[in-house]
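Dear colleague,

Please find the structure below, followed by a short account of what was found in it.

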Amino acid sequence: MTLGMFYSAAARAAFKGDGQQSLHHFWEMVAYIANTLIFILSGVVIAEGVLSSENIFHNHGNSWGYLFLLYIYVQVSRLVVVGVLYPFLQYFGYGLDWKEATILVWSGLRGAVALSLSLSVKFVFFTGGIVFLTLIVNGSATQFILCLLDMDKLSAAKRRILEYTKYEMLNKALAAFGDLGDDEELGPADWPNVKRYIASLDNLEGCVDPKNATESENNLDPTNLEDIRVRLLNGVQSAYWRMLDEGRITQITANILMQSIDEAIDLAIGPLCDWKGLKANVHFPSYYRSCPRKLITYFIIGRLESACYICAAFLRAHRIARWQLHDFLGDNELASKVINESEAEGKEAREFLEDVRGTFPEVLRVLKTRQVTHSVLRHLINYVQSLGMVGLLEEKEMLHLHDAVQADLKRLLRDPPLVNIPKITDLISNHPLLGALPPTVCEPLVGSTKRTMKPRGSRLYKQGSKSTGVWLISNGVVKWSNNTRNRHSLHPTFTHGSTLGIYEVLARKPYICDMITDSVVLCFFVKSEKILSAAESDANVEDFMWKESAIILAKILLPQVFEEMSMQDLRTLVSERSMIYTHLGGEILEIPNNSIGFLLEGRVRTHGFQEELITSPAALLPPRRNQSFGNANGIHSIQNEEIDGSYNAAAAYIHSYHIHPS
């Protein structure tokens, strides 16, 4: 036991090549030999006791009678136990009907475990006799009872699958004959003569093409659906084994995945549910908000790595199994229903990976590095072995190269690449807003930030609520929503580098929209007092912050124009091609061609056929623009505007930005 625990924990990576497979076969053979030795030893002990007495039947006649009575007692006791517990067995667990209960009573065979126990308590004669009788009587009659109860017949779904398989076997045989039936050395072969030696392909005239099944064969009977679900789950399980061999998942992850498949097969009478068995292992740890950075790698990152392995393997295995099922059955109604169930199950796994990609992209990069490195090393091992098999490398040369690659593989397994999470101070300093400020202004802001992580669907702030501060988005995705937004408007997203709420803080207005996280978001909160204090300390800092607010307004007020632009590109555009202007009351304001204006403060009145009062915030476009999306979101196409006499107006113009409306 100690050796097994040590091997599982530390020595698994010490075996080369097919060493683990060889160990598996070795211990399987040892178990078979031990089982055989127990039967041989028990037989020798019983024979020695019988043959040591000259008149065994006279002296021990009662023992033979007791043996048969004990056999009957064992069968009756098993019948009583199953009968008493049958109501519970019928409705709980797997669920048994009376036929299965009958087989359960009759198939109580005894074997090596009972014999090994009897050797230690000197009841070898009775135990050996019970083992002999159960193996000979019960074991021999089980097939007859199965036939009598009609439990040895295939269901309609299994018969149809069998016919499908035979049809495909015939096609594969014909394809193989086409490839091998003629060659330059021996000439052609005759298919009738070849088919005469393939008895398994006889009588296939009744087989149908699985891709042309009739509607009656495709009925959605629960038994038929259950059969197809089990086959898909078996394909998923097979894909898990291949991924374990390829190094895509770890042994611990494989155990979790295999257990979910076993549970789903038990419940295959209903929709696919193997994802339910994995959900408990796929989530952001509940303690991530308060976990110190030194413990992140050991707790949060370890859990995320395992969860990402599970999600990626689940999606890949289901994709492979769906393709195999569709390739075999075609556009079958049963297969299509099960395939749709499989696709629906992968929704949460995809969302989780997207959350991790937005919040902790380092985790996915490290996991992919491990998988690719393992795959490359396995490919090199196979390449070296193939060169040895064809004779291009001598045995010593092949072993030398093989051992060198194996050493790299063992080093990867023992010391895999680890996730390097940036320091909190680095994340704050790398934010575009704080990184561009002078050190004298930046340091007080950095010291007053509050780190927080929001799960998907959390609200950062609500439309109309008081602007209490600014949210600096470090990782993740945030979407906005507005109660007045029309049904045709889009949904701009804000990612790394966004500064949400800065316009409302600078303008001292309530929040103009709702901000809701679309993934797990790592962000920093800065109180409005700190932002206003920094803006008032330097005019250049204030202009920079107003430009930063124009970036957010561009995505909210003009989503049709700026939604596809990344935050980095939009920030570069505003930084290099925008100017801040302050207009006094009564001035005439004109928007130059190839420019977009944003009214940040104050209000303006349009002149023309219909006068309109425009209040901040608003997007101001040059005249004669073909705006099919209207002005529902504060978008105004104007020629001349007059600043309202009681207000000064501040506006930001983005110059030389050409827009081609569709």
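The second largest pocket holds about 450 Å³ of space; a pocket here is an open set of points on a 1 Å grid over the protein atoms alone, where a 1.4 Å probe fits, with protein on both sides within 12 Å along at least five of seven lines. The volume is the space filled by probe spheres set on the points, which are joined across faces, edges and corners.

This is a predicted model, in which local features need pLDDT of at least 70 and side-chain atom pairs pLDDT 80 or more, while totals for chains, interfaces and linings use all residues. Residues are numbered from 1 along each chain, and side-chain values use heavy atoms, without hydrogens or water.

Lining the second largest pocket are 22 residues, each with an atom within 4 Å of a point. Cys308, Ala312, Ala313, Leu353 and Gln371 lie nearest its centre. Helices H12 (293-329), H14 (347-359) and H15 (361-389) each supply at least two lining residues, and H12 gives the largest share, 10 residues. Helices are DSSP runs (H or I, at least four residues) and strands likewise (E, at least two), numbered from the N terminus.

In the protein there are 24 helices and 19 strands. Of its 662 residues, 40% are buried, meaning under 20% relative accessible area with a 1.4 Å probe, protein chains only.

Ala34 belongs to helix H2 (residues 19-51). Its C-alpha atom is separated by 9.1 Å from that of Ala112, 78 residues apart along the chain.

With kind regards

Conventions. Buried < 20%, exposed > 50% of the residue type's maximum accessible area, 1.4 Å probe, protein only.
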